[in-house]
Amino acid sequence: MDTSLSHDSTGAEKRSNFKAGVKLINESFNSVQSLLMTDPQPSVLLNTGTRMPLLGLGTFHLQGQEDTNNAVDAALAAGYRAFDTAAVYHNETHVGHALRCLLPKHGLSREDVFITSKLGPKDQGSKARDGCLRSLEQLGLGYIDLYLIHWPGTQGMPVGDKRNPENRAQSWEVLEEFYSEGKFRAIGVSNYTVGHIKELLRSCKVPPAVLQVEFHPKLGQKELRAMCKETGVCFQAYSSLGTGLLLSDAVVQDVAKESGRTSAQVLLRWALQQDIPVIPKSRQPERVKENGCLFDFELSGKDMERISALDCEKKFCWDPTQVS
């Protein structure tokens with residue numbers, strides 16, 4: 001289903017399309033639990049009709065062609081079919097090159113993988129078109145499966161600057177154009193608050209398909225998740241391991257010991273069992289492989305509750321709540 005709306009769509013048509021998108025993604029979420037244990041490459045259906053793998057490789061901190069090739073090669077061998085990069089990671093060229101070289105080795109084509117990239121804060125607003133074109137050119141993969149606005153603010157502006165909402169709106173209009181042209185197969189946002197999402201939904205022609213935010217047992221993001229479910233936006237996690245600090249948490253380690261898994265696998269599986277896609281990052285091939293072993297075990301209801309009880313709204317990364 002295509003949620004793209006023409007400029008002359010009526011309010012009723014917009015509401016109809018939007019409700020259809022919500023119904024589509026909620027039906028998809030209802031089927032994820034069974035897929036987690038049966039589908040070798042489980043995915044979630046976005047409100048655009050595009051399927052996004054539940055497991056992807058995060059490429060933050062991957063620098064240099066050799067490190068990128070090693071991580072991407074290990075990921076493809078381990079069954080990863082999604083790769084997450086961004087303009088601010090300064091590695092779109094390396095990620096694109098690695099995929100073009102390595103996909104044939106694994107008997108895969110461009111259509112077999114899902115690529116996410118993001119518009120940098122320095123390109124927010126009037127420079128958005130140039131930023132989008134730069135990502136397409138540097139990746140060199142023909143199209144991008146999912147393109148996100150990386151941050152609600154604008155680089156060089158105070159977080160409370162009243163021009164931030166105008167710049168976000170201008171950036172979104174550009175993403176909508178690239179979506180309508182097929183250069184982006186889905187569009188979304190990252191690090192948006194409930195207020196930012198509401199603002200976007202009031203003005204957009206194409207609703208966001210994905211919200212990517214920090215999410216782990218100590219940051220449950222209940223309000224954001226409820227809004228995403230209500231509006232048909234896929235909630236995706238980054239920093240699932242709490243920047244590594246949750247690996248040593250006593251509860252997580254206890255569950256890992258009891259289940260015969262690593263702490264990282266437990267944290268990632270905890271998210272997946274809540275229908276939340278994850279993008280763990282590593283430059284170590286063995287760790288990449290290990291983090292991908294998530295679909296052959298299941299955490300008990302008791303263990304899920306123990307881990308969820310760690311929630312204390314603790315952020316380890318960036319805080320967008322002050323961005324106007």
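Student: What makes aspartate 249 a cap for the N-terminal end of helix 8?

Tutor: One of its side-chain oxygens lies 2.9 Å from the backbone nitrogen of valine 251, and this is within the limit for a polar contact (a pair of N or O atoms within 3.5 Å, where within protein one must be able to donate a hydrogen and the other to accept it, and residues adjacent in sequence count only if both atoms are side-chain atoms). The model is a predicted one, in which local features need pLDDT of at least 70 and side-chain atom pairs count only at pLDDT 80 or more, while totals for chains, interfaces and linings use all residues. Residues are numbered from 1 along each chain as its sequence is written, and side-chain values use heavy atoms, with hydrogens and water left out.

Student: Which residues of helix 8 are called buried, and why are they said to line one face?

Tutor: Helix 8, residues 250–259, has Val252, Val255 and Ala256 as its buried residues, where helices are DSSP runs of H or I with at least four residues, strands are runs of E with at least two, and both are numbered from the N terminus. Seen down the helix axis, these buried residues fall within an arc of 100 degrees (taken from the directions from the axis to the C-beta atoms), so they line one face of helix 8. Ala250, Lys257 and Glu258 are exposed on the other side, and the cover over the buried residues includes helix 9 (263–272) and helix 11 (301–308). Just after helix 8 comes glycine 260, with a positive phi of about 70 degrees.

Student: How do you know whether serine 171 is buried or exposed?

Tutor: Serine 171, which has its place in helix 5 (residues 163–180), has 0% relative accessibility, and the cut-offs are under 20% relative accessible area for buried, over 50% for exposed and partly exposed in between (1.4 Å probe, protein chains only); serine 171 therefore counts as buried. Not counting residues up to four places away in sequence, serine 171 touches Leu119, Asp123, Gln124, Gly125, Ala128 and Ile149, a contact being heavy atoms within 4.5 Å.

Student: Why does lysine 315 get another label?

Tutor: Its relative accessible area is 30%, so lysine 315 is called partly exposed. Lysine 315 sits in the segment after helix 11, and among the residues that it touches is Glu214; the two are 101 residues apart in sequence and 7.6 Å apart in space, C-alpha to C-alpha.

Student: What puts the buried residues of helix 7 on the same side?

Tutor: In helix 7 (residues 222–231), the buried residues are Leu224, Met227, Cys228 and Thr231, and they cover an arc of only 100 degrees around the axis, which puts them on the same side of the helix. Lys222, Lys229 and Glu230 are the exposed residues on the face turned away from that buried side.

Student: What makes strand 6 and strand 7 a pair?

Tutor: Strand 6 (residues 146–149) and strand 7 run parallel and are joined by 3 bridges, and pairing requires that DSSP find at least two bridges between the strands. Isoleucine 149 has valine 189 of strand 7 as its bridge partner. From strand 7 (residues 187–190), Ile187 and Val189 point one way while Gly188 and Ser190 point the other way, and all are buried.

Student: Which residues touch the most other members of the largest nonpolar core?

Tutor: They are Leu46, Phe83, Phe184 and Leu211, out of 84 residues in that core, which helix 9 supplies with its largest share, 7 residues. A nonpolar core is a set of buried Ala, Val, Leu, Ile, Met, Phe, Trp, Tyr and Cys residues joined through side-chain atoms within 4.5 Å.
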